[in-house]
Amino acid sequence: MRFFARFFPTSTMMIGFVASLSSSRPLFSRTLPSALSSAAAGRDRCTSSSPSSSPSSQYKRKTVTLQQGWFSTGTTAEDEKQLLLDPKAPLRPMLAENCHENHLSQYTLPPTQIGADDYRPDLPKGQRIVAFGDVHGDITALRAFLVTAGILDPRSSIEEPVWCGGTTICVQTGDVLDRGDDELACFRLLATLARQAHEAGGQLLLLYGNHESLNAAGLFQYANPGGNVEFERTIGARIDYNYGSNRWRLQFAGNQPSRWASFEPGGLLSENMLGNMLVTCVVGRTVFVHAGLMASHLSPGNSINEGQKMYGGVTRLNQQARDWIVTAHHGENNNWGEYNTVEEVISAAQSRAKVASKTMPDCLGGGIGASSPVWMRDYSKPNDAEPSEPLAKQKIRAALSEAGSDVQRMVMGHTPQYKINSALDSMAWRIDVGASQGVMGGTPEVLEIIHMGGDNDEDIVSVLTVDGKRVDGSDRAVFDASIMF
C-alpha cells in the first residue's frame, strides 16, 4: 500500500503564497534574475555572512562561486557554477561546503557499505552495542540518550560534541523527524558523532522511521511549527540569499519548501545523509528495525512477491531504500518559478509528491496499520504488555530465523513504552520511550548488549538509565497474563 493522502493549498491560499514571494520582476516573467546573470561573471564569492532579515536583502547578493563539497559527484567548480545558472538543476549547490556556515557537510554520515555495515553477525567477543529509539526533534532528549549510552562526552556541547564511545556500535532506530523543534540540530549532532565514531573504530547507524518516509514523500502533517521555522532559518533563508531569489519555493506550492527540498528523493540531504541510512541491520545476534520485520521481509534469495508487496533480505531492503532516496523521481526542477497560473503551481507540486509516493519501495511505504518495516506494530502494541496480535510469537520467531542462524532478538522503536521492555520470550525489545516533549516526555533509556559477554558466551542485555543504573534485561520482561489461564 502506498501512501498519498495530503491536503494541498487551494487556489485562494496559493494566491496569497505567491504574493508573499517578493520579487523584483513580474511573477511569471521569464527574464533571468539580475543576481543570476551577474553570477555568470563569477565576480563575487560566497562568504559566511548571514542573510539579512530584510526581504530586499536577497537581491543585494550578486553571485556565488561554488566549490565541491561533501555532496559532490565529481563535477568541477565550473560545472557547479553552471548548475547554479540552470533553472532545472538540483538545489544542492546552493549550500556548498566552504560557502557558509550551513553547508550540507554538517549532515554527512560516513559511507554505509550495504552488505557489510548492515549485516555484521560476526563480532568480536565483548563487543559493546547500544541502541535508543525515537527522538522526534527533541535535542535535549537526544543528548540524554547519547550521554546515557556512554558515547557522548558529557563535558562537550551540542554544537561541538565529542564521541567518547570508542569502538561501541550504536543504532538509532529511526524517527528523528517531526513533533519537535530541533530536527536539523538533532541530525547535525548525530552526523557529527557518526563521523567521529567511524574514525575511532566505532559506529553510529541511523535507521529510517515512518516519519522519515513521510517527510521524503512531502507529507508534513506531524511537523511542529517550530520545526518548520528551523528549516526556514537554516535551509530556506540561505538558499534565498545565495540564489538571489525566493522563486525556487513556487515549485513546492507553499507546502514547507525548505523541509520538502531537504528530504525528497534527490533532495538536499539525499546523498550525504539519507542515502547512508538503513531500513534494518543485523549486528551480532540482534536485528534492528524501526517498527518490525516479518519473515516475508527477509526471505532467502533477497526477493519475494507477497501479493503486491516487494520485499527482500536485509541487504535488498537497504539497497531499495538507497536507490529510491538518491534519485530525483520528479525529474527536473523549476527553480525560476516559471508557471502561468496558480493552478499550474499546485498541479506541479501534487505531481511531485505523487511520484515520490508511487515510486517509494514497500519497505518504506505503507501507513497506519500496514505491515511494512517502518509501520507495523505487531510486536509492540499495546505498550508495556504482551502484544495483542495472536500470531505475534509465531511471526517474530520466523522473522528471526530468516534474519540469521544465530539472531535471537529484534529491537524496535515506533510504539512508545513507559520504559524499555521485552516481550515474546525476550525476542521483541521495544525501546521507544516517548522521550520527546512532542510525544509524552518520557525518561530516556538505552538498551545495551555485550556480545558473548556471559560465562557461556551468551549476550548480556541490560537497560541503562539516566541516573547511571544498569538494569538486568531479565527485569524488564513484561508480564504475560495468558500464563494465568
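The model is a predicted one, in which local features need pLDDT of at least 70, side-chain atom pairs count only at pLDDT 80 or more, and totals for chains, interfaces and linings use all residues. Residues are numbered from 1 along each chain as its sequence is written, and side-chain values use heavy atoms, with hydrogens and water left out.

Six strands form an open sheet with mixed pairing, in the order E1-E5-E6-E9-E11-E10. Helices (H or I, at least four residues) and strands (E, at least two) are DSSP runs, numbered from the N terminus, and two strands pair if DSSP finds at least two bridges between them. At the edges stand strand E1 (119-120) and strand E10 (421-423), each of which pairs on one side only. Strand E10 runs antiparallel to strand E11 (residues 428-430), and 3 bridges join the two. Here Ser-422 stands opposite Trp-429 in E11.

Helices accompany this sheet. Helix H10 (residues 314-325) lies across E1 and strand E5 (280-283), running at about 140° to E5. Such angles run from 0 to 180 degrees between N-to-C directions, with axes fitted as lines to C-alpha atoms, for helices over the stretch in contact. Helix H12 (residues 392-403) also packs on the sheet, where it touches E1, E5, strand E6 (286-289), strand E9 (409-412) and E11; contact means heavy atoms within 4.5 Å. The direction of helix H12 makes about 100° with that of E9.

Turning to the aromatic rings, a search of the whole structure finds 6 aromatic pairs. Rings of Phe, Tyr and Trp (its six-membered ring) pair if their centres lie within 6.5 Å, and planes under 30 degrees apart count as stacked, over 60 as edge-to-face and the rest as tilted. The pair of Phe-187 and Phe-263 is tilted, because the ring centres are 6.2 Å apart and the planes stand at 45°. Phe-187 belongs to helix H5 (residues 183-200) and Phe-263 to helix H8 (residues 257-263), so this pair ties together parts that are 76 residues apart in sequence. Both Phe-187 and Phe-263 are buried, a term for under 20% relative accessible area, with exposed being over 50% and partly exposed in between (1.4 Å probe, protein chains only).

Phe-263 also forms an edge-to-face pair with Phe-231, at 5.7 Å centre to centre and 65° between the planes. This pair links distant parts of the chain, since Phe-231 lies in helix H7 (residues 225-243) and Phe-263 in helix H8, 32 residues apart. Phe-231 is buried, with a relative accessible area of 1%. Elsewhere, ring pairs link Phe-220, Trp-248, Phe-252 and Trp-260 into a cluster.

Charged side chains complete the picture, with 19 salt bridges in the structure. A salt bridge is a side-chain nitrogen of Lys or Arg within 4 Å of a carboxyl oxygen of Asp or Glu. In one of them, Arg-249 meets Glu-232, and the closest N and O atoms are 2.8 Å apart. Arg-249 is buried at 9% relative accessible area, whereas Glu-232 is partly exposed at 25%.

Another salt bridge joins Asp-459 to Arg-285, with the closest N and O atoms 3.0 Å apart. Asp-459 sits in the loop between strand E12 (445-450) and strand E13 (460-465), and Arg-285 in the loop between E5 and E6, 174 residues apart. Asp-459 and Arg-285 are both buried. A network of salt bridges links Arg-285, Asp-406, Arg-409 and Asp-459.
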